[in-house]
Amino acid sequence: MNIVVLVKQVPDTAAERTLSEADHRLDRENTDLVLDEINERAAEEALTLKETTDAEVTVVSMGPDSALDAIRKVLAMGADRGIHICDDRLRGADVVSTAKVLAAAVRTVADVDLVLAGNATTDGQASAVPAIVADLLGLPQLTHVRHIDVGPGRVRAERETESGEATLEAPLPALVSVTEKINEPRYPSFKGILAAKKKPVATVDLDDLFPSADDTGFLVTRTRVVEAVPRPVRAAGIRVTDDGSAGRQLADHLIAQKLV
């Protein structure tokens, strides 16, 4: 079985995140960058399947030079090889462009049986890339999954919804996106970290993935943030000491705010 895992390097959620003054995008150069936790869980699921089905795991990531660290971490966890999509023209790529590039990278892997991804990254939280990748590849998609079971020629998944639970099944090859409930990721061992340095990582760019593209360029984003302002500092609330008139004061406040 050949499994591809899609991962992303993101700003550490434990650190302060700010927007760049130049283009109002998330400032990734002046913050700590880490492998996104939900992608780490997707990688863990791939490695668990590798242990039980003798699978080969390829990790794919799109990003600048630093994204190689995210790939190396998954390799240290036990993945077999990596594909690093690195191209300055992809800076600020939107959801659609990101999905197109990732889908093109997946196509370079022969005989893919399963594509695994997190349901949403912590920086963008669009929760749309996996579904678009599946559509571009013509694969059935099982999204927001908390448990998967792979059998001969099929994958079965459990999804938790607000109204209950659902069990889904699709033929292989397929794409599955997972939630934080899927598993607990392993820590890379010292042996795994050393082994990761010797595992192959192919670095590709847009010209490699789209060799027949015309000269009109690659439209990386269809939106532009024209202005961003800091969130106002939260003001202290109104404290009412109940001297018997608290109910009246509350009613007057709601009326003044036109809430009643």
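Which element gives the largest share of the lining of the second largest pocket? The answer is H1, with four residues. Keep in mind that this is a predicted model.

Start with the pocket itself. Rolling a probe the size of a water molecule over the atoms shows where empty space is left. The second largest pocket has a volume of about 290 Å³. Its lining is made up of 18 residues. Look for Thr13, Asp36, Glu37, Ile38 and Thr122, which lie nearest the centre of this pocket. Seven of its residues are charged, six are nonpolar and five are polar.

Now go to strand S7, which covers residues 141-151. Gly151 lies in this strand. Is Gly151 buried or exposed? Its relative accessible area is 14%. Buried means under 20%, so Gly151 counts as buried. Next, find Thr53. In sequence, Gly151 and Thr53 are 98 residues apart. In space, their C-alpha atoms are 9.5 Å apart.

Last, turn to a pair of helices. Two packed helices are described by the angle between their axes and the distance between the axes. Helix H3 spans residues 95-107, and helix H4 spans residues 129-137. They pack at an angle of about 50°. Their axes are 9 Å apart. Because of that angle, H3 and H4 are oblique to each other. What is the hand of the crossing of H3 and H4? The crossing is right-handed.

Note on methods: Residues are numbered from 1 along each chain as its sequence is written. This is a predicted model: local features need pLDDT of at least 70, side-chain atom pairs count only at pLDDT 80 or more; totals for chains, interfaces and linings use all residues. Side-chain values use heavy atoms; hydrogens and water are left out. On a 1 Å grid over the protein atoms alone, a cavity is a set of points where a 1.4 Å probe fits but cannot get out, and a pocket is an open set with protein on both sides within 12 Å along at least five of seven lines; lining residues have an atom within 4 Å of a point. Grid points are joined across faces, edges and corners, and a volume is the space filled by probe spheres set on the points. Helices (H or I, at least four residues) and strands (E, at least two) are DSSP runs, numbered from the N terminus. Ala, Val, Leu, Ile, Met, Phe, Trp, Tyr, Cys and Pro count as nonpolar, Asp, Glu, Lys and Arg as charged, and the others, Gly among them, as polar. Buried means under 20% relative accessible area, exposed over 50%, partly exposed in between (1.4 Å probe, protein chains only). Axes are lines fitted to C-alpha atoms, for helices over the stretch in contact, and angles run from 0 to 180 degrees between N-to-C directions. Angles under 35 degrees count as roughly parallel, over 145 as roughly antiparallel, 65 to 115 as roughly perpendicular and the rest as oblique. A crossing is left-handed if the near helix is turned anticlockwise from the far one by less than a right angle, and right-handed if clockwise.
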